[in-house]
Amino acid sequence: MSDYDVHRRSLLIRKHLGRRGLGKACLELGCGTGKISETILGHVGALTVSDISAKLARDTATRLGTQWMQQDVCSINLADNSFDLVISSECIEHAVDPRKALTEMFRVLRPGGLMVVTTPNKLWYPVIWLSMVTGIRKFQGRENWLFPNQAAKTLRAAGLTDVQLDGCHLFPWQIPLAKKLLPHFDKMGATLYPVMINFCVSGVKPMPLQASMAA
């Protein structure tokens, strides 16, 4: 795991959390070793970390002093409308069905709540496939990538509103001098996301019509 990659994705997530972050009960799905969890801890309210691996979720929660639970992102064992914020970074591409994962995230999000998801762009999948075939990349798990427009379309169909797309990493950070150049392109992520290695999709779950009229 690249510290540079984690840092840039964290900045991207926090940028979108700025829409409505602090003071909200937050669920992070696919926390893994907690690298992203660490960076969002002070930018949300009560954080609950989760992962398909109970050990990873428990270890992360113990280290950070948060709540934890074991969850399969394609079948989240929670009631509808459970959290004000739902965050996930580099998780859905390892799910059996990434579209199902997105709709499950939307389901457990409370009306008026925000979800922020980052994941690799399918445009770059051939590069990863080649790196795995040649043994450069050691990870050999499931890889189900989406294009940015596919993720946005899935969430809009589920009912998410004010959907925004963004991105980071215009080219691989492993290239010499890339880490000095890439941050400048990341500033244009809202425009360049279709060709970036990682993209972010965020949006708001609408309030019920009756509640919004009363407000």
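**Cysteines and overall fold**

Author: A search of the whole structure finds zero disulfides (a disulfide being a pair of cysteine sulfur atoms within 2.5 Å). This is a predicted model, where local features need pLDDT of at least 70, side-chain atom pairs count only at pLDDT 80 or more, and totals for chains, interfaces and linings use all residues. Residues are numbered from 1 along each chain as its sequence is written, and side-chain values use heavy atoms, with hydrogens and water left out.

Reader: Is Cys-200 buried or exposed?

Author: Buried, because its relative accessibility is 0%; buried means under 20% relative accessible area, exposed over 50%, partly exposed in between (1.4 Å probe, protein chains only). Cys-31 also counts as buried, at 6%.

Reader: Switching topic: how much of the chain is buried?

Author: 48% of its 215 residues count as buried.

Reader: And how many helices and strands does the chain have?

Author: Nine helices and seven strands, taken as DSSP runs numbered from the N terminus (helices H or I, at least four residues; strands E, at least two).

Reader: What does the C-alpha trace span?

Author: About 55 × 40 × 30 Å along the principal axes of the chain.
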